[in-house]
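Please look over the notes below with the model open beside you. They go point by point.

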Amino acid sequence: MITATKSHEQLVEEIAELRGRLKEAEETLSAIREGEVDALVVNERRGEKVYTLKSADRSYRLMIQEMQQGAASLTTDGLVLFCNRSFARLLNAPLETVIGSSVFTYVAPESRPLLEALLRQAWESGSSQGEIVTQGAGGEAGVPTFFAFSALVLDGVFILYAVATDLTDQRRMAELVAHVDERKRIEENLRLLADAGAMPTEALDLAATLQSSALLAVSGFADWCVIDLVTEEGRIERVAAAHADPDRQALVEELKRFPPRGDEPYGPALVLRTGQAQMIPQVGPEHLEALSQGPEHLRVLAALAARSALPVPLSARGRLLGVWSFFRSSDRCYDEGDLALAEELARRAALAIDNARLYGAAQAANLAKDQFLATLSHELRTPLTPVLAVISSLERDARLPPPVQESLAMVRRNVELEARLIDDLLDLTRISRGKLELSRRPADLRQVLEQAIETCCGQNLVSGRLRVVKDLAALDHSVWADAPRLAQVFWNVLNNAVKFTPEGGTITVRSWVEATVQEADSATPADTEPGEIVVQISDTGVGIPPDSLGHIFNAFDQGDLTTARRFGGLGLGLAISKAIVELHNGRLTAESEGTGQGASFTVRLPRVRCCQETAEVGMRPSSERRQAESGHPLHILLVEDHADTAEALAALLEALGHRITVAGTVGDALAAAAANGHIDLVISDLGLPDGSGLDLMRELAGRYRLPGIALSGYGMEEDVRQSRDAGFARHLTKPVTLDLIKDVIEQVRVPVTSGA
């Protein structure tokens, strides 16, 4: 019995062998009929036995009974006169039932006309052969059996010979092979569809999406492919090409030089005109001639030897994005099933391409927004710089009467407020892009709070407008934090408390430690203490309506329109503060009993084991730490093209005792550095009329090993990174106060040698 484990080739060989054995039987019977056989040798169980033709009839029947092949004698209308057991088995019926019945009773209806024709052919020509199918005992439906037979006419009687080993197993094996091939094809198609379905969510880069799509096609569905896209301007660009054979990739890449013109009668151009897929089962010379744009193009097409083509549209959101063209160079041509698969692949790829395009557009818009904010920041900060510089200088003039001093302080506070609003816009952009970075070290939260209270509430305390109650009960205020960023948080919260609390109101600042164990993340040092430091800032102001508490930390949220108009602001401070606290692994929450009931904002931060003295030194202003280190006056090269800013900063620096050389361009700065001998420090703007302060710093650092401070209205992370890469020790964002610039100069100054 042939098993299902045999290969298709083995089955074909066995069928051929069986047909050979049948032919031998035919030749033997023909020799008997022609009188060419005198005796028969029959292999019986007891050995070989010779029969002469005198006993041929009996011997013939014995031989027939012993045959492995099925054999029977039939009348002209198919009545079975005699048959052996092998023949009965082929008909799926008992021997005694078959003899005397019609052979057509056991043959499947679809095989009966064929059997009639073959019997008629044997009667007319002497012999015939073919394959028929039985259907079971008594004509009832059963397991079908396929068998080959050969019919001969002997003395007017049909002798029907059938191969004893029927063809059922071979047929089933052939069907199994075909089924396996089809199953493999289905599995491959499902894999392609799954991979194509993942593309819309996996790839957001257009170039990567196109490359992935092309490689996906040649992983089993096509020998090579090309992708053409329609640009926003309506041009057709061939943006991707791939070949299954890496050695022929360079050849298919040449097709990028020949995108569709738009008027070709076949291929991508036709699909772009009609929006309908086109199947070319057999690519002929006429197709190549129509598609080629010249001898060179035709050479490439001929070398790629396309036998079958399938260009399909790439459509998404009702728009025709382009065409994906699949080609096969093998003998297997594309069919309707392939067309359906290609259209589904193209649909999914089009979604990925559309998503990548939308993402690219969003990225471009986001970049344009960032560039706009950076430019706006620069343009707004630049005129504030000389104002703040002059006011900082005037505030230190003891000759001015107190009313003038108060007016100057008011102007300074408003200039700083405007700078803070600009910083808020930039911070919001940093947060939304995940670019807000912290420089964390041990810090004393009490110092941060004291400075924030002095900055926000000092004037109100002096005037008696508000009362501030401090209850900083926490015994240890040590945190692992970016102290300036935490100061920004408390500044925002306290500034809101001052703004929303009427005259005579009270602001209460409390701190304590809650024994709540918080799991530290990888950014928190290993010496984290259990529990949290809690800081609560409460006021007796206008309060927060219950329906506003849920979104008070949303950007640009200012409650109702009346509140926004009355108190002003952009509504960014709390959103930024919440983000900063969360970056410190903490929480910022708000509570209020309602309108007119005041509000409380609570900050919870992880504790850190820290020496109090170290924390205090870390929080102490740099000018205090370096007061004893301040040495000789410096020769500073100030490079600033904004005349008012240059004049104001030069006056401030000279008031500190430094010698200043001013330049307004890169060329002037290089010339000044060469002409003035020893220079100790460079303070330079980044945007200069004839170049960049970055290039200037590289040149000066390379030639003279000068330290530098970048002073610019551009303050995004990329601006800071570029200034550091160029050699600047610090990056200051305009406007700057006298204290800040003095402190930074002390940080970056180089030791001045005697006689310099």
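1. The side chains of Q536 and T602 are joined by a polar contact of 3.2 Å (a pair of N or O atoms within 3.5 Å; within protein, one must be able to donate a hydrogen and the other to accept it, and residues adjacent in sequence count only if both atoms are side-chain atoms). Q536 lies in strand β16 and counts as buried, at 14% relative accessibility (buried is under 20% relative accessible area, exposed over 50%, with a 1.4 Å probe and protein chains only).

2. This is a predicted model, in which local features need pLDDT of at least 70, side-chain atom pairs count only at pLDDT 80 or more, and totals for chains, interfaces and linings use all residues. Residues are numbered from 1 along each chain as its sequence is written, and side-chain values use heavy atoms, without hydrogens and water.

3. Beyond its neighbours within four places in sequence, Q536 is in contact (heavy atoms within 4.5 Å) with residues including R510, W512, E591 and F601.

4. F601 is also, with F490 and L494, among the residues with the most contacts inside the largest nonpolar core, which has 42 residues (a core is a set of buried Ala, Val, Leu, Ile, Met, Phe, Trp, Tyr and Cys residues joined through side-chain atoms within 4.5 Å). Helix α15 gives the largest share of this core, nine residues. Not counting residues up to four places away in sequence, F490 touches L445, V448, L449, A452, V535, I537 and V603.

5. A second, separate core has 28 residues, among them A217, A240, V312 and L314.

Terms used
Helix = DSSP H or I, 4+ residues; strand = E, 2+ residues; numbered from the N terminus.
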